[in-house]
Amino acid sequence: MTDTLSPERIAALCRPAAQQVTVRVVDETGSTNADLLAALPTLSGPVLLQAKRQTAGRGRAGRSWLSAEGKSLTFSLAWKFHLPVHALVGLPLAVGVALAEALAMFSIDARLKWPNDVLVQGRKLAGILIESAGAGSVPHDASWAVIGIGLNIAVDERMAAEIGRAAAGIPWLADLDQNMLMATLLSSLAEALVQFEHEGLGAFTGRWNALHAHAGQAVVILDHGKVLHEGIGRGIDASGRFLIDTAAGQVAVMAGDVSLRPKEA
């Protein structure tokens with residue numbers, strides 16, 4: 001991966017929906033999400049913060065997200081919605097669709113794992129962490145979302161051992177123009193966020209289900225390691241709940257602190 005990331009070049013390559021985004025690139029930081037959350041009171045519009053190296057990145061449920069220069073893309077996007085915070089419940093699912101559709105432009109067959117992972121060949125390629133906050137003096141009318149994304153490019157043996165779970169990498173992404181790659185991802189995200197504000201999760205439900213990694217497969221839903229439900233995964237409903245056909249009937253699961261796993265044979 002060449003060291004040529006340029007905020008100006010990324011911005012110039014973006015499609016119209018993303019041209020309102022201020023792009024910033026730093027060599028190293030602890031967490032791009034934490035940096036943007038701290039900066040929210042000073043922001044007047046959407047900001048993308050990309051770090052070449054992140055030392056304290058976080059994933060879902062407080063897990064660490066390992067990143068190293070040339071081996072991953074780590075960035076966060078702060079975006080203001082004219083929606084209350086509670087209306088952002090399905091946003092991780094919409095963001096997953098946007099990422100998968102952007103990767104498809106590079107002929108990458110990405111699939112989605114509920115609620116917020118992007119898989120390639122059953123292995124985790126990218127994770128999404130969204131943190132939200134009220135905006136301004138009327139928080140019930142508007143809100144900010146800070147959308148953190150970590151995408152593996154190259155996963156060596158040491159990194160795989162530290163991650164401790166099956167992880168995917170796409171090393172040839174490092175050979176692409178990184179400004180073009182970032183602009184493509186940002187453009188897809190911006191278009192999805194505009195659509196989410198105007199149409200809600202309903203605009204993404206069918207697209208998510210078409211990209212569902214575990215459609216028709218035996219899965220288990222875990223709550224802090226304990227099996228909560230097991231059955232056949234069906235997809236998501238209009239509220240973003242995961243539908244699973246169990247022996248006792250169909251169950252709709254909210255995200256919370258639960259996680260989905262394929263059932264081992």
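The legends below go with several close-up views of this structure.

Everything here comes from a predicted model, in which local features need pLDDT of at least 70, side-chain atom pairs count only at pLDDT 80 or more, and totals for chains, interfaces and linings use all residues. Residues are numbered from 1 along each chain as its sequence is written, and side-chain values use heavy atoms, with hydrogens and water left out.

**View 1. F81 in the largest nonpolar core.** Here we meet F81, which along with W114 and F196 touches the most other members of the 65-residue largest nonpolar core. Such a core is a set of buried Ala, Val, Leu, Ile, Met, Phe, Trp, Tyr and Cys residues joined through side-chain atoms within 4.5 Å; buried means under 20% relative accessible area, exposed over 50%, and partly exposed in between (1.4 Å probe, protein chains only). Leaving aside neighbours within four places in sequence, the contacts of F81 (heavy atoms within 4.5 Å) include L88, L91, A142, L193 and F196. Apart from this core lies another, of nine residues, including L36 and A78. In soluble globular proteins, nonpolar side chains tend to be buried together.

**View 2. N179, a buried residue in helix α5.** Helix α5 spans residues 178-199 and holds N179; helices (H or I, at least four residues) and strands (E, at least two) are DSSP runs, numbered from the N terminus. N179 counts as buried because its relative accessible area is 5%. Beyond its neighbours within four places in sequence, N179 is in contact with T4, L5, S6, R9, I10 and L13.

**View 3. Strands β1 and β2 side by side.** Strand β1 (residues 22-29) pairs with β2 in the parallel sense over seven bridges, where pairing requires that DSSP finds at least two bridges between the strands. T22 stands opposite V47 in β2. Of the eight residues in β2 (47-54), seven are buried.

View 4. Look for the peptide bond joining W114 and P115: it is cis, with omega about 0°. P115 belongs to the loop between β4 and β5 (117-120).

**View 5. Two loop residues with positive phi.** Most residues other than glycine have a negative phi, and most peptide bonds are trans. S107, not a glycine, has a positive phi of about 60° and sits in the loop between α3 and β4. Q121 also has a positive phi, near 50°, and its place is in the loop between β5 and β6 (123-134). S107 is exposed, with a relative accessible area of 70%, and Q121 counts as exposed at 80%.
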